[in-house]
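Please read the numbered points below beside the coordinates. They take up single residues, then contacts, then the arrangement as a whole.

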Amino acid sequence: MPAKSKQQQKFMGIVRAIQKGEAPAGKFSKAAQKAAKSMKKGSVKKYAKTKHDDLPVKKESLSKSQIK
């Protein structure tokens, strides 16, 4: 489960730091705190360790016409 974008990889790095106790949870968003509580450490690690050199900054979303 590699990260799909640099933003996702960065977010998972924050979640991993919260889980490991390297960073205080109160310093980050509620979404990061919730993810740290609900996700398994192994899953977070797989996302966070993704090499981000070839990733886009933000994943492009598909429009409804592209989905059909």
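1. Val-57 counts as exposed because its relative accessibility is 53%, where exposed means over 50% relative accessible area, buried under 20%, and partly exposed in between (1.4 Å probe, protein chains only). Val-57 is found in the loop between α3 and α4, the latter being residues 64-67. The areas come from the Shrake-Rupley method with a 1.4 Å probe, and for residues only the protein chains shown count as cover.

2. On the basis of these values: this is a predicted model, in which local features need pLDDT of at least 70 and side-chain atom pairs count only at pLDDT 80 or more, whereas totals for chains, interfaces and linings use all residues. Residues are numbered from 1 along each chain as its sequence is written, and side-chain values use heavy atoms, with hydrogens and water left out.

3. Gln-9 is buried, because its relative accessible area is 14%. Leu-55 stands 46 residues from Gln-9 in sequence and 9.3 Å from it in space, C-alpha to C-alpha.

4. Ala-48 counts as buried because its relative accessibility is 14%.

5. Tyr-47 is found in helix α3 as well, and it is buried, with a relative accessible area of 17%. Tyr-47 and Ala-3 are 44 residues apart in sequence, yet their C-alpha atoms are 5.0 Å apart in space.

6. Lys-46 likewise lies in helix α3, which spans residues 41-48, but Lys-46 is partly exposed at a relative accessible area of 47%. Together with Lys-45, Lys-49 and Lys-51, Lys-46 forms a positive surface patch. Patches are made of residues with over 30% relative accessible area and no salt bridge, like charges being joined within 9 Å and nonpolar side chains (Val, Leu, Ile, Met, Phe, Trp, Tyr) within 5 Å. The place of a charge is taken as NZ of Lys, CZ of Arg, CG of Asp or CD of Glu.

7. In helix α2, residues 30-38, the buried residues include Ala-32, Gln-33, Ala-35 and Ala-36. They cover an arc of only 165 degrees around the axis, which puts them on the same side of α2; the arc is that of the directions from the helix axis to the C-beta atoms. An α-helix has 3.6 residues a turn, so residues three or four places apart point the same way. The face of α2 turned away from the buried side carries the exposed residues Lys-30, Lys-34, Lys-37 and Ser-38.

8. How many salt bridges does the structure hold? The structure holds one, a salt bridge being a side-chain nitrogen of Lys or Arg within 4 Å of a carboxyl oxygen of Asp or Glu. Lys-20 forms it with Glu-22, and the closest N and O atoms are 3.2 Å apart. Lys-20 counts as partly exposed at 48% relative accessibility, while Glu-22 counts as exposed at 57%.

9. As for the overall arrangement, the protein chain has four helices and zero strands, helices (H or I, at least four residues) and strands (E, at least two) being DSSP runs numbered from the N terminus. Buried residues make up 26% of the 68 residues in the protein chain.

Methods:
Lys and Arg count as positive and Asp and Glu as negative; His and the chain ends are not counted.
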